[in-house]
Amino acid sequence: MSENVKERDFELIERFTTGNAGAFERLVELYAARAYQIAYGLLGNRQDAEEVVQDAFLKAHKKLPEFRGDSSFSTWFYRIITNLSRNRYHWNRRRGAEVNISMSASFSDDADAKLEMEIPDKALNPQVLLQRKETESALERSLRALPENLREVLVLRHTEEMSYAEMASMLGCELGTVKSRLARAREVLRKNYYATDAG
Amino acid sequence: MKDDKRESGDDLHCPSREALSAYFDGEAPDASSIAEHLDECPECSERLKYFAGLAADLKSEFQKRSDETFTRNLPNVLRRKIRKNASARSTPFPLFLKVAAMFAAAAVVIISLISENPNDEPSVSPPSKSIDPIVFLGDGLEPDKGRLTFLPVPSDTTLFESPPINASDLTPVATARHTDSRASSFPTKNAPAENPESITRSVRQTWSVANLESAIVKFKKAVPVKAKLSERRDGGGNLILNVVLTKKELAELVRKCADAGFDLLSPAQPQPEQRIFRGDSTSKVSYTAVLVPK
């Protein structure tokens with residue numbers, strides 16, 4: 001991220017904290033689209049993504065006066081998006097609404113790999129599921145089937161082109177973990193998506 | 001089990017999947033050796049092509065998902081929600097709490113009436129002799145809550161032992177509607193008579209400091225504990241500190257900074273030597289201090 005962007009964001013934050021509401025609206029305009037792409041990438045459905053983005057901006061509005069500038073605004077804000085998406089994802093899982101269907105994680109012997117189990121979707125009726133299967137692309141399906149931790153790095157890398165260091169700082173993990181997760185995510189997609197649906 | 005790090009090609013010198021993936025992202029430390037290897041290894045080159053294809057597919061997938069209607073309407077939606085949240089926070093107390101508050105207030109009034117002795121002089125804590133007090137004159141209509149300024153002072157009360165104050169040294173406080181006997185008692189022999197000044201809602205001041213690192217420590221110590229301080233550096237290595245304070249806290253902070261040896265370069269109020277201010281001492285100010293090394 002360029003220094004100019006950071007400076008611009010700090011300037012807007014400063015104006016917002018001194019009472020200029022328009023400065024916050026400008027931040028919304030600047031970050032809404034990318035925030036939505038990340039949330040959608042992580043959650044895989046439009047409605048959840050919209051709600052998470054709204055909640056994230058409301059949270060940012062509330063917490064911006066406490067923003068200390070230790071990281072850039074975008075890193076700070078995308079961390080909110082990621083955390084809210086995680087919460088939403090786990091909440092959905094608990095109620096059985098959205099379930100990752102992935103046995104592919106077992107190919108890796110990495111410690112933080114998760115073995116997802118196929119669980120019948122309880123909240124979505126068969127008609128909705130069928131409709132979804134017709135409308136969503138093969139890549140979208142493959143992405144949804146990725147374990148959460150692999151999907152996160154893939155989405156952040158390919159929507160925001162975040163560096164490994166930025167992702168590590170945002171996700172609260174080691175740089176090496178980011179590196180291995182990203183490599184693994186690509187391998188899983190190669191096996192699942194390109195081997196079956198693509199071409 | 002086959003070594004995962006050498007799985008990409010049959011040749012044992014193939015870089016690991018992780019290294020190749022990092023190379024694609026421009027994050028591999030040994031990029032030059034991987035580049036050399038790619039010239040000779042079709043399998044690794046193929047994998048790299050796959051990474052590029054996947055990146056393109058993902059990019060178009062994510063762009064396809066963009067929802068312009070949602071992002072265009074988002075500012076309006078947020079504005080409504082923020083307004084709604086704000087009004088929810090300012091919702092009046094439930095009736096039973098109001099009744100309880102009225103009883104409590106009545107009890108306080110009764111107790112104070114019972115305990116009041118009309119012959120007692122009002123107790124006044126004299127301000128420290130070493131520090132000139134900071135005085136706020138309210139908005140000119142209502143006395144500032146908690147200030148000593150508008151308290152009646154008995155004629156024989158001595159606030160300062162020395163020296164006697166000459167009436168000619170004092171500037172009448174023109175903006176205060178009330179008789180302000182205490183305000184006129186505050187000036188000391190070294191301080192010149194002064195007019196009250198106003199502090200704006202947002203104050204930015206630049207300070208010249210001898211040592212930036214020790215100045216930061218001193219500044220943080222001077223800021224009230226409960227206040228939330230944000231700090232960042234600009235491109236020139238200056239430190240920009242922001243904190244929200246009451247006007248009184250700000251006036252005290254500025255004075256402490258001056259006492260710590262900082263040189264104030266900005267004319268904005270409050271100035272360290274200024275003692276009398278217009279306005280409510282409890283109203284909030286966003287204060288930005290720019291610390292510039294000498």
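Q: In E7(B), what is the bridge partner of B:Leu239?
A: The bridge partner is B:Leu291. Like everything below, this comes from a predicted model.

Q: What makes E4(B) and E7(B) a strand pair?
A: Pairing takes at least two bridges between the strands. E4(B) and E7(B), the latter spanning residues 284-293, have eight. They therefore count as a pair, and its sense is antiparallel.

Q: How do you know that E3(B) and E4(B) pair?
A: The same test applies: at least two bridges are needed. E3(B) and E4(B) share five, in the antiparallel sense, so they meet the criterion. As one example of a bridge, B:Ser230 is partnered by B:Asn242 in E4(B).

Q: What lies between the strands in the hairpin of E3(B) and E4(B)?
A: Five residues lie between them. In this hairpin B:Gly237 takes a positive phi near 85°.

Q: How many residues of chain B are in contact with chain A?
A: Here 36 residues of chain B touch 41 residues of chain A. A residue pair counts when the C-beta atoms lie within 7 Å.

Q: Which element gives the most to the side of chain B that touches chain A?
A: H3(B) does, with ten residues. Helices H1 (17-24), H3 (42-65) and H4 (68-89) of chain B each supply at least two residues, as do its strands E3 (229-233) and E4 (239-246). By class, this side of chain B has 14 nonpolar, eight polar and 14 charged residues.

Q: What is the secondary structure of chain A?
A: Chain A has nine helices and zero strands. Along the sequence its pattern reads α-α-α-α-α-α-α-α-α. Of its 199 residues, 41% are buried.

Q: Why are H7(A) and H9(A) called roughly perpendicular?
A: Their packing angle is about 95°. Angles from 65 to 115 degrees count as roughly perpendicular, so this helix pair falls in that class. H7 covers residues 148-160 of chain A, H9 covers residues 175-194, and the axes are 8 Å apart.

Q: Which residues make the contact of H7(A) with H9(A)?
A: From H7(A) they include A:Leu150, A:Val153 and A:Leu154. From H9(A) they include A:Val178, A:Leu182 and A:Val188. The contact has seven nonpolar, one polar and four charged residues.

Q: With what is A:Ala183 in contact, leaving aside its neighbours within four places in sequence?
A: The partners are B:Arg17, B:Glu18 and B:Ser21.

Q: How far apart are A:Ala183 and A:Val153 in sequence and in space?
A: They are 30 residues apart in sequence. C-alpha to C-alpha, the distance is 9.7 Å.

Q: Which residues have the most contacts inside the largest nonpolar core?
A: They are A:Ala35, A:Ala39, A:Val53, A:Ala56 and A:Ile81, in a core of 51 residues. Helix H2 (residues 21-43) of chain A gives the largest share, eleven residues. Neighbours within four places aside, A:Ile81 is in contact with A:Ala35, A:Ile38, A:Ala39, A:Val52 and A:Ala56. Apart from this core lies another, of 26 residues, among them B:Val135, B:Ile199, B:Val203 and B:Ala215.

Definitions and conventions. Residues are numbered from 1 along each chain as its sequence is written. Chains are lettered from A and ligands numbered from 1 in the order in which they are written. This is a predicted model: local features need pLDDT of at least 70, side-chain atom pairs count only at pLDDT 80 or more; totals for chains, interfaces and linings use all residues. Two residues are in contact if their C-beta atoms, placed from the backbone, lie within 7 Å. Helices (H or I, at least four residues) and strands (E, at least two) are DSSP runs, numbered from the N terminus. Ala, Val, Leu, Ile, Met, Phe, Trp, Tyr, Cys and Pro count as nonpolar, Asp, Glu, Lys and Arg as charged, and the others, Gly among them, as polar. A residue is buried if 20 or more other C-beta atoms lie within 10 Å of its own, exposed if 12 or fewer, and partly exposed in between; C-beta atoms are placed from the backbone. Axes are lines fitted to C-alpha atoms, for helices over the stretch in contact, and angles run from 0 to 180 degrees between N-to-C directions. Angles under 35 degrees count as roughly parallel, over 145 as roughly antiparallel, 65 to 115 as roughly perpendicular and the rest as oblique. A nonpolar core is a set of buried Ala, Val, Leu, Ile, Met, Phe, Trp, Tyr and Cys residues joined through C-beta atoms within 7 Å.
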